[in-house]
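This report goes through the model shown below, element by element.

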Amino acid sequence: MTGLYTLQDPLQQTYDAVVVGSGATGGWAAKQLSEAGLKVALLEAGRPVSPKEFTEHMPAYKLKYRDHSPEIVKTRPIQKQCYACMEYNYEWFVNDLENPYSTAPGKPFTWQRLRVLGGRSLVWGRQSYRLSDNDFKAASRDGYGDDWPFSYAELAPYYDIVEKYVGISGAAEGNEMLPDGQFLPPMKMSCGEILLRDKVKAKFGRTVTIGRTAIVTQAHNGRLPCHYCGPCERGCSTFSYFSSPFTTVKDAVKAGCTVITNAVVAHVNMDNATNKASGVTFVDRMTRQVREIRAKSVILCAQALESTRILLNSSTREYPNGLANSSGALGHYLMDHVTGGGAFGHLADMKAVPNANEPQRPNGIYIPRFRNTPSSKQAKFLRGYGYQGGAGAEFNFSAEGYGAAYKNAIKEGVHAISLGAFGESLARWDNYVEIDNSLKDAWGIPALRFSMTHGDNEAALMEDAAASAAEMLESVGARDIRVVANVEMPGMAIHELGTARMGKDPKKSVLNEWNQTHDVKNLFVMDGASFVSSACQNPTLTMMAITVRACDHLADRFKKNEV
Amino acid sequence: MKRRDLLRAGVVLTGAAAALRPAMGQQNAQQPSELTPAQSGVDASKDLSSPNWKPAFLDEHQNETLIILSDLIIPATDTPGAKDALVNRYIDLLLSAEPRDSAKAFLNSLAFLDGESIRRFKAAFRYLPREEQDAVLHGMAYPKSNSAWTGETTGPDPGHGHFELLKGRISMAFYSSEIGERSLGWDGAFAHGPFQGCDHSEGNHK
C-alpha cells in the first residue's frame, strides 16, 4: 500500500459535494469546491486516461487501416460522424451499441460522447469566445425568448479566472459582439488570412481575427507551449491544449478530491422528508454492480443531455415528470448551433507552395457576428452567426489526370481559403429530449429520445452565411468559389445546449442564476444544459465560467452553513 | 470493501498530487482492450511487407491489374511510386474489411476498366501494351463535355466515374503510406517549430 491512498472506503463516507462528470465543467467544479475546503467526490462514467495513450505523433501509416478501421464502422457508426473519432482514439468515444438513443421520425440527431476521464475535453475544438450582453440580454433587445438571469458584467470576473487558468491565446479586437479577455500571445495568421482580414475590414467593416483557442503559446501553469504538431484530438504530450484530467482534475486531487471512475450514474437519490438530494446511485461500468454515494449536495456536470437524462430518470412521487421539474421545462429548449453555411475557394495569386514540413497550426481564423448588432440594421432573421475558417497552401489532392503530371500537380498545391458558419440555434419549447421507456443502455439505464429540428430562422442564417462568405472571398480575389448553404443535422456542431435552462421564474425554468435547481436546493446542474440561449459562439468557455461562478456561490453557502 | 474490490470497481482513492498516476497504471493493466491498438503502441507499418503476403480479397487477376494500374496513376519519378508503396496490398486489406457494397463498387470499376480495354483493344487491361493502356486511361481520366459546336450532350460518362473511384483509392493508399508521405517532402519529424505566419509587408503577401 502506498501512502497515496486513504484507507477509508469512499462509498461509506458522506461528501459535501458529489460532482458527476469530469469534463470541462466537472473538472472545474471539483477543483473549485475542493480548493474551498469541501470534501468532494468526482464521478466519471469512463476509465482513467494516461498520457501514455496519446498518439498525436504517430503517423497514419503505422495504423493497420490508416484511419479506416472497420471497428469504428461496426461499434461507433454515430461517433464516427465526428472528425475527432479516429482509428487512433476511438476507444475514448462511447460504443454506440452499448449507448443507444432514439429519435423522433424524420428528426435525426447525432450525439457525440466520450466516456473517459476528461470526457470531451480530450478532443474538443478548443475555440474559446466570450458571450456579451448582446447574447445574455438578447430577448430584451429583439423580443425573442428569455434573457439570461445575469449580465455580462456579473460573469466577466469568472471569464477572467477561467481564461487566466486555462490559457487562451488570442488577439484583442474591441469588437462589440465579442468581448476581449485575458489572452496569451495570439497564434500567427497566414498571408491569405491577413489579406482577408485587411480587405474585409476595408470593404465591410467586419473583424477577422485569429481564433481564440485554449492552447497555450507560452509556458503556462506548468504546461509547455504548443509545438504545432497538429492533431490535438489525439492527446498532447506537452499538455498545451486544455483538457481537464491534466489541469483542473489534477488540482482537485491535490486538494483532496476523491476521483471515482467507471461510475455510470443512473439517478439522483432524494430524501423526500427534507426535499433534499442525498447522493447518487451509479452502476459500476465493469461489474454492473449498483452502488450509492452520499453527499450533502449533488452537482451534475455530465454533459448537457446526460445531466438532463439523469434528472429525468430520477423521478419521485413528488416529481413524477423528472426531478426538479415542477416547471415542466426539463428536457425542453434543446439547442445546437446550426452549421452548413459557408464558402470556399482558391487564392490564385498566392505563390506559396505546400510544405510537408510546415508547422501545423491547430487553429483557424474567426469572424465574429456582424448581423443584428447594435450598430447594424435589422436583418430578415433573428440573431446571427460567426465564421471559422482559414487560408493556406495545401497539397492539391484533387488534381486531375494521372501519372507524373498528376504527381507533380499535387505537389504544386493550391492556396485554399474557406469560411464556415456557426449560427445561433433559437431556444424552442418543441425541441426536446425525453426518456424512451422502451430503450436502455448496457447498464440498464433508460435512454433518451430526441425530437429536434432546425427551423426557418436557422435556415435563413445559413443561406445568408453562404452568400456573405462568397462576398468576402470575392473581395480578396478568390477563384473557383463554391458556396454551401446546407442546414446540417442537429448535433453536428457538438454544442448541445439547454434542456435545464436557468431563469428567474421557477415556473419557466429549471435552474436559478446559480445553477441551483429551483425545486431542490442542494441539487445543481453546471454544464451546457443551463444555457438560456445558444448565442453563436463556441460555448465551453462560458460553461466553465458559469461553473466557477456557481461554485463560488455554493462554497460561500457551505461556509455560512446554509447547505 | 477491500482495496482489490475498489480497484476492480475503478474506484480511485486519492489524497495526494500524484495519485492519478498509479490509478491509471492499474486501470491500463486491467483493461488493455479499452485502448485502441494505436494507443497501445502497436506499429502496423510493416504488416504489408511480408514476403509471404497473399491477397485476402482480390483474385490474382484483379491484384495484378491493380498493381499495373496503380503504377500508371502514381509512377516512380524522382520519388518512388505506388508499386513501391505496395498500394495494392493496402487496398486489398481495406476491401477485405469494409462493407460489401463499397468493396463491390471497387471491383465493378476494376471490371469496367477491363471492359473498356477489351472493347477497344480486345484484351484485358493488364495484357495491353503501355500505349494502349494509356489510351484507355486517357479516355476515362477527364470528364466529357458537351459538343463545342452543337452544344449537344455526349451522353452518360460512366468511365470517368470509375476512373475517379479507382484513382481516389490508389491516391489515398499511396499518400497515406510512408513512401507517399516522404514523396511530398516529409522529413519524418512530427513537429517543425512554431507557426511563423506571414511576415510580408502590406501589399506584398504571396
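In chain A, A:Y366 stands opposite A:Q388, a residue of strand β15(A). The model is a predicted one. The pair belongs to the contact between strand β14 (residues 365-367) and strand β15 (residues 385-394) of chain A, which run antiparallel and are joined by three bridges. Helix α10 (residues 456-475) of chain A packs on the sheet and touches β13 (338-346), β15, β16 and β19 of chain A. The direction of helix α10 makes about 15° with that of β13(A). A further helix, α6 (residues 191-204) of chain A, lies across β14, β15 and β16 (414-423) of chain A and runs at about 140° to β15(A).

The sheet as a whole is open and has six strands, in the order β7-β14-β15-β16-β13-β19 (chain A), with antiparallel pairing. At its edges stand β7 (209-210) and β19 (479-485) of chain A; each has a single partner strand, so one side of each lacks a neighbour in the sheet.

## The four-stranded sheet of chain A

Chain A also holds an open sheet of four strands, ordered β1-β11-β10-β9 (chain A), and the pairing here is mixed. Its edge strands are β1 (14-15) and β9 (263-271) of chain A, each of which pairs on one side only.

Strand β9(A) is joined to strand β10 (residues 276-284) of chain A by eight bridges, and the two run antiparallel. Within the β10(A) strand, A:V280 is the residue that A:V268 stands opposite.

Which residues of strand β2 (residues 17-20) of chain A are buried on each side? A:A17 and A:V19 are buried on one side, and A:V18 and A:V20 are buried on the other, so that both faces of the strand are covered.

Strand β2(A) runs parallel to strand β3 (residues 40-43) of chain A, with four bridges between them. A:V19 stands opposite A:L42 in β3(A). Together with helix α1 (residues 24-35) of chain A, strands β2(A) and β3(A) make a right-handed β-α-β unit. Strand β2(A) also pairs with strand β12 (residues 298-300) of chain A, in the parallel sense and over three bridges. In that pairing, A:V18 stands opposite A:V298 in β12(A).

## Loop residues of chain A

The loop between β7 and α7 of chain A contains A:H220. A:H220 counts as buried because it has 20 C-beta neighbours inside 10 Å. When neighbours within four places in sequence are left aside, A:H220 is in contact with A:G167 and A:L184. The C-alpha atom of A:H220 is separated by 8.5 Å from that of A:S240, which is 20 residues apart from A:H220 along the chain. A:F239 is also found in the loop between β7 and α7 of chain A. This phenylalanine is not a glycine, yet A:F239 has a positive phi of about 55°. A:F239 has 20 C-beta neighbours inside 10 Å and therefore counts as buried.

A positive phi of about 90° is found at A:T499, which is not a glycine either. A:T499 lies in the loop between β19 and β20 (523-525) of chain A. With 29 C-beta neighbours inside 10 Å, A:T499 counts as buried.

## Chain B

Chain B has eight helices and one strand. From the N terminus on, its elements run α-β-α-α-α-α-α-α-α. Of its 206 residues, 29% count as buried. Among contacts in chain B between residues at least 6 apart in sequence, 54% join residues at least 24 apart.

Helix α3 (residues 60-73) and helix α4 (residues 87-97) of chain B pack with their axes 9 Å apart, at an angle of about 130°. That angle makes α3(B) oblique to α4(B). The crossing of α3(B) past α4(B) is right-handed. B:N63, B:L66, B:I67 and B:S70 in α3(B) meet B:V87, B:N88, B:I91 and B:D92 in α4(B).

## Contact between the chains

The contact takes 72 residues from chain A and 64 residues from chain B. On the side of chain A that touches chain B, at least two residues each come from α2 (70-75), α6, α7 (248-254), β8 (258-260) and α9 (403-412) of chain A. The largest share of that side, four residues, comes from α9(A).

How values were computed. Residues numbered from 1 in each chain as written. Chains lettered and ligands numbered in written order. Predicted model: local features only at pLDDT ≥ 70, side-chain atom pairs only at ≥ 80, totals over all residues. Buried ≥ 20, exposed ≤ 12 C-beta atoms within 10 Å, placed from the backbone. Pairing = 2+ DSSP bridges. Right-handed = clockwise from strand over helix to strand, strands pointing away. Axes fitted to C-alpha atoms, helices over the stretch in contact; angles between N-to-C directions. Parallel < 35°, antiparallel > 145°, perpendicular 65-115°, else oblique. Left-handed = near helix turned anticlockwise from the far one by under 90°. Contact = placed C-beta atoms within 7 Å.
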